[in-house]
Amino acid sequence: MSLHPSPRVLGDRREDGRPSAWPTLPRPARSAGPPADRPRLRILDGLRILAAVLVLMHHYTRQEVWGRDAFGWLTVVGRYSWMGVELFFMISGFVICMSAWGRPLGSYLRSRVIRLGPAYWFCVLATMGVLLAVGKPFGGTGPGLSQVLTNLTMFQTPLGNTELDPSYWTLWSELRFYLIFAAVAWTGLTYRKVLNFCWIWTVASLLAPGSGLPILNVLANPTYSPLFISGICFYLIRREGPRAGEPWLLLAFSWLLTQRWLNDIVHWNTVKGDQLSWEMCLLVVTLCYVVMAAVALGWLDRIDWRWLSVAGAMSYPLYLLHQQIGVTLLRMWRQDVEPWTLLLSATAVMLLASWLIQRFVERPAARRLKRFLESRPGGGRTGSPRETP
């Protein structure tokens, strides 16, 4: 699901001003200009929509939705496509580090609110509306009013409330990452500072499970922190070049931690009737690492189709919207419509709805929210680059 602004490529010089060890990629010199002046990494847009569609496929092909194996080989693929979330988290580490570089802390935090808020608030209300429309009133088997209002805060997980849409669980992992990364972004990002942050976070993730300190376990997020850290390392390799050895070392260690926690993640994603192979899950997550390494090394820069930017922007509302609404409607109509027809129709409707939300809700609301936040006392920036939502 990524949950981030359109990625941009940065310059080709190191923190000490020397040329990067990666001279083969044609990148513009680093500039203090706005992110909008930098070329897009459209391959990341493509990976974001791919990850969102994989997660959708997992939820829409499960046997518990249809009461049987309705799709044969696609059902088997769907059992593993929940790992699109793991790809999301790696993309998140890459993109957040990239978008925060050269920005003051206030700008970084505002950009997170502007990017995440409008689409999320709309999708919460839309999900509530659909559930009420199909006869699930407040309370009982439907959404409670307090549940809906708490979900609007985006902090329903730490507040002990149920997610209105089960897919919202990833937001708490994302929000924790944004908050702890703000600590290193506060005084400005440098290669060494970011790398030290990754090592400290890794050590905290190692200590957290056995520490007996709930707050450390919450902040370190040991199960998924290796994926965010890996994304940051891939960005550092992209920025500094493949000869930057320390990020590769940290990547290898993060992969080892990921395979350890994969046992727990596989257990959480196993439902009645599923036969998940840990080895297959490890292969899939390793392929995610390989793809992100190809992005970091510039091997996929030729994939620069303009439509990928639109598709990538749709990934966030698609992720937020698809599960609760889609599964509810699939269960309602599964007895009356042929499975493949219903599956393809539901997917097409969700893609269209996501584009409409991004185009007519998220973009206008983000512009207004940006103007509002920057009009508050202290909201403007002096001498800092303007960002686009």
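Mentor: Of the 389 residues in the protein, 53% are buried, where buried means under 20% relative accessible area, exposed over 50% and partly exposed in between, with a 1.4 Å probe and protein chains only. This is a predicted model, where local features need pLDDT of at least 70, side-chain atom pairs count only at pLDDT 80 or more, and totals for chains, interfaces and linings use all residues. Residues are numbered from 1 along each chain as its sequence is written, and side-chain values use heavy atoms, with hydrogens and water left out.

Trainee: OK, how many helices and strands does the protein have?

Mentor: Helices (H or I, at least four residues) and strands (E, at least two) are DSSP runs, numbered from the N terminus. Here the count is 14 helices and 0 strands.

Trainee: And how do I read an aromatic pair?

Mentor: You describe a pair of aromatic rings by the distance of the centres and the angle of the planes. Rings of Phe, Tyr and Trp (its six-membered ring) pair if their centres lie within 6.5 Å; planes under 30 degrees apart are stacked, over 60 edge-to-face, and the rest tilted. The structure holds 23 such pairs. Take Phe89 and Tyr224: they are edge-to-face, 5.2 Å centre to centre with 70° between the planes. That pair links distant parts of the chain, with Phe89 in helix α4 (residues 84-100) and Tyr224 in the loop between α9 (214-220) and α10 (225-240), 135 residues apart. Both Phe89 and Tyr224 are buried.

Trainee: What about Trp201 and Phe228: stacked or edge-to-face?

Mentor: Stacked, at 6.2 Å centre to centre and 20° between the planes. Trp201 lies in helix α8 (residues 191-211) and Phe228 in helix α10, so this pair ties together parts that are 27 residues apart in sequence.

Trainee: Why is Phe228 called buried?

Mentor: Because its relative accessible area is 0%. Trp201 is buried too, at 6%. Phe89, Tyr224, Trp201 and Phe228 are among the members of one aromatic cluster, which also includes Trp169 and Tyr108.

Trainee: Now a polar case. Where is Ser309, and what does its side chain contact?

Mentor: A polar contact is a pair of N or O atoms within 3.5 Å; within protein, one must be able to donate a hydrogen and the other to accept it, and residues adjacent in sequence count only if both atoms are side-chain atoms. Ser309 sits in helix α13 (residues 307-333), and its side chain makes such a contact with the side chain of Arg42, at 2.9 Å. Ser309 counts as buried because its relative accessible area is 12%.
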